[in-house]
Amino acid sequence: MGLATVYRVLTQFESAGLVIRHHFEGGHSVFELDDGKHHDHLVCIKCGQVVEFIDPVIEQRQEVIAKEKQFKMTDHALYIYGVCNRCQEV
């Protein structure tokens with residue numbers, strides 16, 4: 001199977017709501033299954049490793065900030081860029 005076919009099918013899955021595409025800096029994209037559970041990401045700027053995390057305090061603060069600014073939040077994404085532990089040792 002060709003790579004173009006894989007990307008075409010992933011795009012179809014994205015349109016159907018089965019997967020989510022995350023666009024990271026540097027043109028790096030990651031597809032992941034949409035299990036309906038929100039999470040955020042840490043992204044290593046050297047090796048591209050992506051680590052998922054959930055933090056209720058961050059979620060709550062985002063809701064409070066949106067409310068303070070009279071903004072109805074419909075969705076959000078948080079990407080924290082840095083250098084992973086493995087790349088720090090190099």
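Helices (H or I, at least four residues) and strands (E, at least two) are DSSP runs, numbered from the N terminus. On that basis, E59 belongs to helix α2, which covers residues 56-68. The structure is a predicted model, in which local features need pLDDT of at least 70 and side-chain atom pairs count only at pLDDT 80 or more, while totals for chains, interfaces and linings use all residues. Residues are numbered from 1 along each chain as its sequence is written, and side-chain values use heavy atoms, with hydrogens and water left out.

**Charged side chains**

- Side chains of opposite charge can pair when their charged atoms come close.
- The model contains one salt bridge, a term that requires a side-chain nitrogen of Lys or Arg within 4 Å of a carboxyl oxygen of Asp or Glu.
- The partners are R21 and E14, whose closest N and O atoms are 3.0 Å apart.
- R21 counts as partly exposed because its relative accessibility is 25%; buried means under 20% relative accessible area, exposed over 50%, and partly exposed in between (1.4 Å probe, protein chains only).
- E14 is likewise classed as partly exposed, at 29% relative accessibility.
- Leaving aside neighbours within four places in sequence, E59 is in contact (heavy atoms within 4.5 Å) with H38, D40 and H76.

**Largest pocket**

- A pocket is found on a 1 Å grid over the protein atoms alone, as an open set of points where a 1.4 Å probe fits, with protein on both sides within 12 Å along at least five of seven lines; lining residues have an atom within 4 Å of a point.
- The largest pocket has a volume of about 260 Å³, the volume being the space filled by probe spheres set on the grid points, which are joined across faces, edges and corners.
- Its lining comprises 17 residues, and I20, H22, H38, H39 and H76 lie nearest the centre.
- Strands β1 (19-23), β2 (29-33) and β3 (40-44) are the elements that give two or more residues to this lining.
- The lining divides into five nonpolar, six polar and six charged residues; here Ala, Val, Leu, Ile, Met, Phe, Trp, Tyr, Cys and Pro count as nonpolar, Asp, Glu, Lys and Arg as charged, and the others, Gly among them, as polar.

- G17 lies in the loop between α1 (3-15) and β1 and is partly exposed, at 39% relative accessibility.
- L78 is placed in the loop between α2 and β5 (79-82) and is partly exposed, at 24% relative accessibility.
- Not counting residues up to four places away in sequence, L78 touches D40, H41, F53 and I58.
- Q70 also lies in the loop between α2 and β5 and is exposed, with a relative accessible area of 76%.
- Phi of Q70 is near 55 degrees, a positive value in a residue other than glycine.
- Most residues other than glycine have a negative phi.
- E68, in helix α2, counts as exposed at 55% relative accessibility.
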